[in-house]
Amino acid sequence: MKNNIFSTLKSDLPSGLVVFLVALPLCLGIALASGAPLFSGLITGIIGGIVVGALSGSHVSVSGPAAGLTTIILAAINTLGSFQALLMAVVIAGILQLTLGIIKAGIVSHFFPSSVIKGMLAAIGIILILKQIPHAVGYDADYEGDISFFQFDGENTFSELTKALELFELGAVIIAAVCLIILILWEQPALKKNSLFKILPGGLVAVVVGVAMNQLFIGSESKLSLYNDHLVNLPIATDFNEFLGLFTLPDISILTNWQVYLTGATIAVVASLETLLCIEATDKLDPYKRITSTNRELRAQGIGNIVAGLIGGLPMTSVIVRSSANIDSGAKSKLSAIIHGILLFVTVIFIPQILNMIPLAALAAILLVVGYKLARISLFKRMYELGWNQFIPFIITILAILFTDLLIGIGIGMGASIFFILRDNFRSSFEFNSKGEIGNGGKKIIIDLPEEMTFLNKGSMLATLRDIPENSDVVIDVSKSRIIDHDVKEVIQNFQETAKHKNINLELKGNETWKKHIIG
């Protein structure tokens, strides 16, 4: 990868455009569900894209308002008495996250097992499909971005599907079906050879076609026409003063109330956990297998939340749905996330009327495709082939997230994974020896793996490989190893890709069986 961020503009511009289209209704939906002004969700999306995107060390993650925080925000507004008081709690949460990054608390992310992270990705994919089907058929009672099983209106994921099939809008079904066909065709290898299909993102084409179809329905006064709740619904300011009025300042007087500090701490903990989970997941989805500094990410998120709280935004996290859409659209660097933030800012100021013509059914088609790619059948097959120690925690994580929410589900999945790890493995260490400089800043490094390498060694292995300088010669000696956990093997496999881009000469030495398992 080139160091110049603008060298990836050809890939990042269309990716940023698709993420912008996906993020737009999610920012509004999460703000609505949180009991906050709609514009507050957009503020967070803009800051998450531009500020956090610029400061983050992640190349592909995208930050913004998160569904996992809606319940906390709704309760906090009621407890603290106003939205302005909540904003002060968001500032406090940001300061705490910044502190966590400074004291290097991000290391906790390295202790999420691979089976749990992959289970989380598959679960999010399944939830996306289940939650977007109602929007695709024109039943828009539930807010965009909801991922919890139990909903605010008393319904749940499955009862919502039943109602959607009973109360569907034919116009939405037609638009969603056409958009899905476009997105599927856009993925065909034969079409991808054409330069036009490489430049134009399929998501943008689908949305434009969806808008055109609905305008045709409206123009012909057809019963298929979609209005109001079936479309994106951005707040529109008639002049500059009204636009400035959409921003809100925090209530400083609430600092005398101890509950604001408790709320800030709660937001900081939950937002940090969701961010670390997302970063771990996006690193696995990243085709270049780059390793993100989680401490830097916490610092970036902290600064983002401080800024959001000061001007009227909701708290933010790194969000897996937007990040997955970003990777799926071919993003290569953080420029894509920044572009999505800039597009949010520019369009809500200058063309909100045009954005309000977008049918939610067209956007649902994009998210259905993202969901399918996260929960491919091939992923289930691969996890099954890895054995019960990986497959059972993977399935438990999926079911737990599907029937509860993200953090509870991850907790249950972690419990299942830890059970298998403690049953079969003991923690061991490895030896790291640097044999001196070899020129161009590189080093001669030998890493001797012990008899047993478990998941518990994953964090130190990740940190060791991440800090190896460019132009180095690295030998990983597996001759003593009897057990190498899948997570450790995956770290080494991912490092093979990193090594190519850092001009690192990597050699595996010793046991031919392990060499074959790791290198293939």
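This is a predicted model: local features need pLDDT of at least 70, side-chain atom pairs count only at pLDDT 80 or more; totals for chains, interfaces and linings use all residues.
Student: What distance separates the C-alpha atoms of Ile102 and Arg299?
Tutor: Ile102 belongs to helix H4, residues 83–102 (helices, H or I, have at least four residues and strands, E, at least two, as DSSP runs numbered from the N terminus). Along the chain, Ile102 and Arg299 are 197 residues apart.

Student: How many aromatic pairs does a search of the whole structure find?
Tutor: Local features need pLDDT of at least 70 and side-chain atom pairs pLDDT 80 or more, while totals for chains, interfaces and linings use all residues. Residues are numbered from 1 along each chain as its sequence is written, and side-chain values use heavy atoms, without hydrogens or water. Rings of Phe, Tyr and Trp (its six-membered ring) pair if their centres lie within 6.5 Å. By that criterion, the number of aromatic pairs in the whole structure is 13.

Student: Which geometry, stacked or edge-to-face, describes the aromatic pair of Phe39 and Phe243?
Tutor: Planes under 30 degrees apart count as stacked, over 60 as edge-to-face and the rest as tilted. The rings of Phe39 and Phe243 lie 5.9 Å apart, centre to centre. With 85° between their planes, the pair is edge-to-face.

Student: Which helices does the pair of Phe39 and Phe243 link?
Tutor: Phe39 and Phe243 are both buried. The two residues stand 204 positions apart, and their pair links distant parts of the chain. Phe39 is in residues 38–55 and Phe243 in residues 240–244, which are helices H2 and H11.

Student: Which residues form one aromatic cluster with Tyr384?
Tutor: The cluster includes one tyrosine, Tyr384, and one tryptophan, Trp388. Together with Tyr384, the cluster is formed by Phe380, Trp388, Phe391 and Phe394.

Student: What phi value does Asn228 have?
Tutor: Most residues other than glycine have a negative phi. Asn228 is placed in the loop between helix H10 (202–219) and H11, and the residue is exposed because its relative accessible area is 64%. Asn228 is not a glycine, yet its phi is positive, near 45°.

Student: What is the phi of Asn503, a residue that is not a glycine?
Tutor: The loop that holds Asn503 runs between helix H22 (486–501) and strand S8 (505–509). With a relative accessible area of 53%, Asn503 is therefore exposed. The phi of Asn503 is positive, at about 55°.

Student: What accessibility class does Ile351 have?
Tutor: Ile351 is located in the loop between H15 and helix H16 (352–355). Its relative accessibility is 33%, so Ile351 counts as partly exposed.

Key: Buried means under 20% relative accessible area, exposed over 50%, partly exposed in between (1.4 Å probe, protein chains only).
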